[in-house]
Amino acid sequence: MKRRDFLKHSLAAAGGALLAATAQPLSHARAGENSTGGAMNILVLTGSPRKNGNSAILADHFIRGVTEAGHHAERFDAAFHNVHPCTACNSCGMNGPCVFQDDFSFVRERILRADVVAFATPMYYFGMSAQLKAVIDRFYAISSLLHTPKKAVLMMTYANHSARNESPILTHYEVLLEYLGWTDAGRVIAPGVWPAGAVERTPYPGQACALGKSL
């Protein structure tokens, strides 16, 4: 895909995201199956720099639900790996090797065969964590290959209870899926959790586990 086409798709995605709030939920595949009837490959990308961070805990429970449903899950904790930010050199041409040989290779290999991609992030200054955003920015090098049917999941935690504060991350997620042609398979948004581990005293881990089982 050429850069001009990328920009055209992005503008179209932004318009489509405006309709997301009124769209009806899409039906899910039967639990434990992908489109061909087998167990699904699920890639979980986390962004918390705290080992016991609240969004990381949601990812733990989501993975438990996934495995109990008979799926195969792999996890990439971005904060504990070396992922260089994209520098817009365009050497990859949106469909080629990246100039940076780092831990993104783990994601690159697995995301292409994944049936579901799950994003788990805390809200940092009204956006995704920088660690997870660096991973998403590197999608650019395989952008042409990512335009295949997949499901996606969002798990997000933040300290207050403002629906407006949620909107930047939700919009980013919606536009990303619009651009890639992926389907939203569910979200767990956990407000009011700040200290590490606080989410354990809420219903949200159970919701994350149930979401994993429902795929």
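These are my notebook entries on what I looked up in this predicted model.

**Ground rules**

I number residues from 1 along each chain as its sequence is written.

I took helices (H or I, at least four residues) and strands (E, at least two) as DSSP runs, numbered from the N terminus. Two strands pair if DSSP finds at least two bridges between them. In what order do the strands of the sheet run? I found 5 strands in an open sheet, ordered β2-β1-β3-β4-β5, with parallel pairing. The edge strands, each pairing on one side only, are β2 (72–77) and β5 (183–190). On average, neighbouring strands are turned by 15 degrees against each other, direction ignored. For the axes I used lines fitted to C-alpha atoms, for helices over the stretch in contact, with angles from 0 to 180 degrees between N-to-C directions.

Strand β1 (residues 41–46) pairs with strand β3 (residues 116–122) in the parallel sense, over 5 bridges. Val 44 stands opposite Ala 118 in β3.

**Entry: helices on the sheet**

Contact here means heavy atoms within 4.5 Å. Helix α2 (residues 54–68) packs on the sheet and touches β1, β2, β3, β4 (151–157) and β5. The direction of α2 makes about 145 degrees with that of β4. Helix α7 (residues 204–214) lies across β4 and β5 and runs at about 165 degrees to β5.

Which residues of α7 are buried? I count a residue as buried under 20% relative accessible area, exposed over 50% and partly exposed in between (1.4 Å probe, protein chains only). The buried residues of α7 are Tyr 204, Pro 205, Ala 208, Cys 209, Leu 211 and Gly 212. They lie on the same side of α7, because they cover an arc of only 155 degrees around the axis. The arc is that of the directions from the helix axis to the C-beta atoms. The buried residues of α7 pack against α2, β4 and β5.

**Entry: salt bridges**

I searched the whole structure and found 12 salt bridges, each a side-chain nitrogen of Lys or Arg within 4 Å of a carboxyl oxygen of Asp or Glu. One of them joins Glu 68 to Lys 213, with the closest N and O atoms 3.1 Å apart. This pair links distant parts of the chain, since Glu 68 is in helix α2 and Lys 213 in helix α7, 145 residues apart. Lys 213 is partly exposed, at 40% relative accessibility.

Glu 74 forms a salt bridge with Arg 110, the closest N and O atoms being 2.8 Å apart. Glu 74 sits in strand β2 and Arg 110 in helix α3 (residues 104–111), 36 residues apart. Is Arg 110 buried or exposed? Arg 110 is buried, with a relative accessible area of 16%.

Arg 110 also forms a salt bridge with Glu 109, at 3.5 Å between the closest N and O atoms. Glu 109 is partly exposed, at 46%. Shared partners join Glu 74, Glu 109, Arg 110 and Arg 113 into one network of salt bridges.

**Entry: positive phi**

Tyr 125 is not a glycine, yet has a positive phi of about 55 degrees. Phe 126 has a positive phi too, near 70 degrees. Tyr 125 is in the loop between β3 and α4 (130–137), and Phe 126 lies in the loop between β3 and α4. Tyr 125 is exposed at 82% relative accessibility, whereas Phe 126 is partly exposed at 44%.

**Entry: aromatic pairs**

Rings of Phe, Tyr and Trp (its six-membered ring) pair if their centres lie within 6.5 Å; planes under 30 degrees apart count as stacked, over 60 as edge-to-face and the rest as tilted. How many aromatic pairs does the whole structure hold? The search finds 3.

Phe 76 and Phe 106 are stacked, at 5.6 Å centre to centre and 25 degrees between the planes. Phe 76 lies in strand β2 and Phe 106 in helix α3, so the pair ties together parts 30 residues apart in sequence. Phe 76 is buried at 2%, and Phe 106 is partly exposed at 25%.

Phe 119 and Tyr 173 form an edge-to-face pair, because their planes stand at 80 degrees, with ring centres 6.3 Å apart. Phe 119 lies in strand β3 and Tyr 173 in helix α6 (residues 163–180), so this pair ties together parts 54 residues apart in sequence. Phe 119 is buried at 0% relative accessibility, and Tyr 173 is buried at 0%.

Notes
Heavy atoms only, no water.
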